Amino acid sequence: MNNPSILYLSKQDIISVGGGSSDLYVKALTNALELHAQKDIVQPLKPYLRVDEQNGHIADRIIAMPAYVGGAAPVSGIKWIGSKADNPQKRGMERASALIVLNDPETNYPIAVMEGSLISGMRTAAVTVLAAKYLARPGFTTVACMGSGIIARMQLQSLLEQFPSITTIHLFDLNPDAATRLANELTAKHSGLQVIVAPDAESAVRQGDLVVTCTVTDKPYIPFSWLKRGAFVSNISIMDVEKEVFLKADKVVVDDWDQCNREKKVINQLVLEGTFSREKLHAELGEILTGARPGRENEDEIILLNPMGLAIEDIASAHEVYQRAVRENAGTRLNLY
């Protein structure tokens, strides 16, 4: 009998093989989303574990995200990601924590366990990067970012790595000190970059060629009138954009229709109200990557991306990390028995 083992990868192990920058995730997600469009994946709807749902924050939950990603190097796995909105303020901890388990689809045995919050945040940033390549105006220069926490930092880092045309960032956070800290970090790392801390959300959003939301709000606050012609909105934190934006935008794009149309998120609310439908959706993002559907078609279009976050993105990214770790002998090998 073989003695099976798993590879354990800490956050530092993941960073040591390239997991701290955007290239790894852009490569992994391009493959995963194209396979999504080709139906060469298996991705059950993710269950939410909520305790005290009546009194808790919308970001208080643990989510199980299993997936199989096919293609030339297939892999299975699951992300188990917990979140408490008050972790930073009450406990001095990051809001979200996660583990990812990878399985060999031939035997279904586990082959790796790794820290998942870095991968989860960076793959979310890669969604914005990939979408911006097809949905933002070519050569866009100005980004408006709502929020200045860890997710915002990863989004802006990845955008600056992938789009050297960016010259100005308008940053808003309910905590101005947090926004100022992130602004100082960014200008210290990127010579010539202008980062403006906005006094309110409207001032920032009105300036953005690309608007990205990185908050834990449970109440939409961005109306259509704040968006300038040609804007691309990456609605990463899902609840920031008012319903009218979905109805007035020239194109609405999602990562996966079935994942978006549930859990009483905004799209699901609109579907239940009878004002939006699968037929009114422009495309899933993978359809645009494969060329089955067009991306941006003119300078004036206002385009909204509403990504729920897909398990295939986590598993494909984790598999890329795992393959690099095996090649570079990183991490800790543990016997399963």
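Q: Where does V51 sit?
A: This is a predicted model. In it, V51 lies in the loop between β3 (48-49) and β4 (61-69).

Q: Is V51 buried or exposed?
A: Exposed, because its relative accessible area is 69%, and the cut-off for exposed is over 50%.

Q: Which residues form a nonpolar patch with V51?
A: L49 and W80. Together with V51 they make a nonpolar surface patch of about 330 Å² accessible area.

Q: Switching to the strands. How many residues of β8 are buried?
A: 5 of 5, for a strand that covers residues 142-146.

Q: Which way do the β8 side chains point?
A: T142, A144 and M146 point one way, while V143 and C145 point the other way. Residues of both groups are buried.

Q: What does β8 pair with?
A: One partner is β9 (residues 168-172), in the parallel sense, over 5 bridges. Another is β11 (residues 210-213), also parallel, over 4 bridges.

Q: What lies between β8 and β9 in the β-α-β unit?
A: Helix α5, residues 150-162. The unit made by β8, α5 and β9 is right-handed.

Q: How does the chain get from β9 to β10?
A: Through helix α6 (residues 176-189), in a β-α-β crossover that is right-handed.

Q: New topic: α12. What span should that helix have, and what does the model give?
A: α12 runs over residues 311-327, which is 17 residues. At 1.5 Å a residue the helix should span 24 Å, and its end C-alpha atoms are 24 Å apart, so the two agree.

Q: Is α12 mostly covered or mostly open?
A: Mostly covered, with 14 of its 17 residues buried.

Q: What should I keep in mind about which way helix residues point?
A: An α-helix has 3.6 residues a turn, so residues three or four places apart point the same way.

Q: Which residue with a positive phi follows α12?
A: N329, with phi near 55°.

Conventions:
Residues are numbered from 1 along each chain as its sequence is written. This is a predicted model: local features need pLDDT of at least 70, side-chain atom pairs count only at pLDDT 80 or more; totals for chains, interfaces and linings use all residues. Side-chain values use heavy atoms; hydrogens and water are left out. Buried means under 20% relative accessible area, exposed over 50%, partly exposed in between (1.4 Å probe, protein chains only). Helices (H or I, at least four residues) and strands (E, at least two) are DSSP runs, numbered from the N terminus. Two strands pair if DSSP finds at least two bridges between them. A crossover is right-handed if, with the strands pointing away from the viewer, the path from the first strand over the helix to the second runs clockwise. Patches are made of residues with over 30% relative accessible area and no salt bridge: like charges are joined within 9 Å, nonpolar side chains (Val, Leu, Ile, Met, Phe, Trp, Tyr) within 5 Å. Accessible areas come from the Shrake-Rupley method with a 1.4 Å probe; for residues, only the protein chains shown count as cover. A salt bridge is a side-chain nitrogen of Lys or Arg within 4 Å of a carboxyl oxygen of Asp or Glu. The expected span of a helix is 1.5 Å times one less than its number of residues.
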